[in-house]
Amino acid sequence: MKNPIENLNKYFDSRVRLGIMSALMVNAEVNFNDLKELIQVTDGNLASHIKALEENGYIKVHKGFIGRKTNTTYSATKAGEKAFKAHLEALEAMIKSSR
Amino acid sequence: MNDQNHHLDTLQDIKQMMERSSRFISLSGLSGIAAGSCALVGAWFAYGVIEPNRGAANNLRYITAPGSPDISIGDWMGNQLVQIAAITFVAAFILSFIFTYLRSKKTNTPIWGTTAKRLMINVMIPMVAGGIYLLKLMENQAYGLIAPGSLIFYGLAVLNASKYTLHETKYLGYSEILLGIISLWFIGYGIYFWAIGFGVFHIVYGTIMWWRYERNPSHEGE
């Protein structure tokens with residue numbers, strides 16, 4: 001029997017990362033403050049999770065400006081979308097199989 | 001067994017975060033009830049202006065010269081009705097805003113965030129187009145078409161907005177569009193259709209939404 005846990009992606013094993021990926025799946029781009037408000041987490045905590053996801057190629061960072069104010073937005077990469085979808089499917093499979 | 005619950009919770013969390021990030025979820029059912037009530041009050045006043053004058057306009061025509069062209073009811077009372085409509089609209093908007101603002105505190109969402117802006121823009125586009133259309137209708141004295149037109153445009157605006165807020169809103173949109181189309185066969189009875197479309201429908205819809213989302217706060221998003 002296939003190990004049911006093997007398809008879960010350990011990169012998404014955190015509520016903050018789940019929140020980031022969820023938001024990026026349904027919005028083309030989300031900025032830092034929106035993510036912070038959505039997940040209700042500190043600046044530093046959010047930044048470190050973002051960095052980890054970015055280093056793994058799951059999200060892309062766009063640093064820009066609105067006038068003079070800095071505005072950083074994030075989007076999911078194709079690899080990130082694919083990995084997250086697989087993770088969701090694995091979760092569903094796990095729930096179904098242990099019924 | 002516990003693992004299963006954990007995964008279910010995770011999926012539930014994910015679904016909720018997707019909703020919260022793309023839709024404005026703080027829309028309150030109480031806003032609908034308040035807006036509907038304002039509309040009914042406004043319709044009451046408008047009825048008070050229209051009915052006595054329906055007879056008076058007809059009498060006036062008879063007196064001036066039988067066979068002369070109808071004095072349009074619109075010409076007679078246009079100004080008062082527009083005032084009533086404007087006051088009703090402003091009152092409904094303010095009350096709706098207050099209830100939604102209060103709810104946004106509970107859902108922990110900023111009242112003027114990305115989702116709210118997106119919702120506003122998508123509501124405003126059909127409403128502004130409709131508003132210009134209705135103003136021109138008034139200018140061209142096609143008063144009978146104003147009620148159907150306003151219901152249809154409003155329904156389209158709500159339908160568009162439903163993608164950016166609570167999804168049940170789309171049923172309100174469908175109802176308004178349908179009512180507007182039906183009212184095209186009953187020109188002259190606009191005030192009744194207005195009372196139903198902007199009054200009754202909002203109260204019904206608002207109550208359903210309140211019942212589903214706000215009656216028992218622990219069941220948020222059920």
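Tutor: Start with A:S98, which lies in the segment after α4 of chain A. Helices here are DSSP runs of H or I with at least four residues, strands are runs of E with at least two, and both are numbered from the N terminus. A:S98 counts as exposed because it has 11 C-beta neighbours inside 10 Å. The cut-offs are these: a residue is buried if 20 or more other C-beta atoms lie within 10 Å of its own, exposed if 12 or fewer, and partly exposed in between, with C-beta atoms placed from the backbone. Leaving out residues up to four places away in sequence, A:S98 touches B:D3 and B:Q4. Contact means that the C-beta atoms of two residues, placed from the backbone, lie within 7 Å.

A word on the source. This is a predicted model, in which local features need pLDDT of at least 70, side-chain atom pairs count only at pLDDT 80 or more, and totals for chains, interfaces and linings use all residues. Residues are numbered from 1 along each chain as its sequence is written, while chains are lettered from A and ligands numbered from 1 in the order in which they are written.

Confidence comes next. pLDDT is the predictor's confidence in each residue, from 0 to 100. Chain A averages 89, and 94% of its residues score at least 70. Among the elements of chain A, helix α4 (residues 78-97) has the lowest mean pLDDT, 88. The highest, 95, belongs to α3(A).

Now widen the view to the whole contact. Chain B gives 16 residues and chain A gives 18. On the chain B side, the largest share, 13 residues, comes from helix α1 (residues 2-22) of chain B. That side of chain B has 6 nonpolar, 7 polar and 3 charged residues. Here Ala, Val, Leu, Ile, Met, Phe, Trp, Tyr, Cys and Pro count as nonpolar, Asp, Glu, Lys and Arg as charged, and the others, Gly among them, as polar.

The buried residues of α2(A) are A:L35, A:L38 and A:I39. They sit on the same side of α2(A) because they cover an arc of only 80° around the axis. That arc is taken from the directions from the helix axis to the C-beta atoms. Their cover includes α1 (15-26), β1 (30-31) and α3 of chain A, together with α1 of chain B.

α2(A) is followed by A:Q40, whose phi is positive, near 60°. A:Q40 is not a glycine. Most residues other than glycine have a negative phi. A:Q40 is found in the loop between α2 (32-39) and α3 (43-55) of chain A. With 11 C-beta neighbours inside 10 Å, A:Q40 counts as exposed.

B:Q141 lies in the loop between α4 (114-139) and α5 (146-161) of chain B. B:Q141 is exposed, with 11 other C-beta atoms within 10 Å.

Finish with chain B as a whole. Its secondary structure comes to 7 helices and 0 strands. Of its 222 residues, 32% are buried. Among contacts in chain B between residues at least 6 apart in sequence, 74% join residues at least 24 apart.
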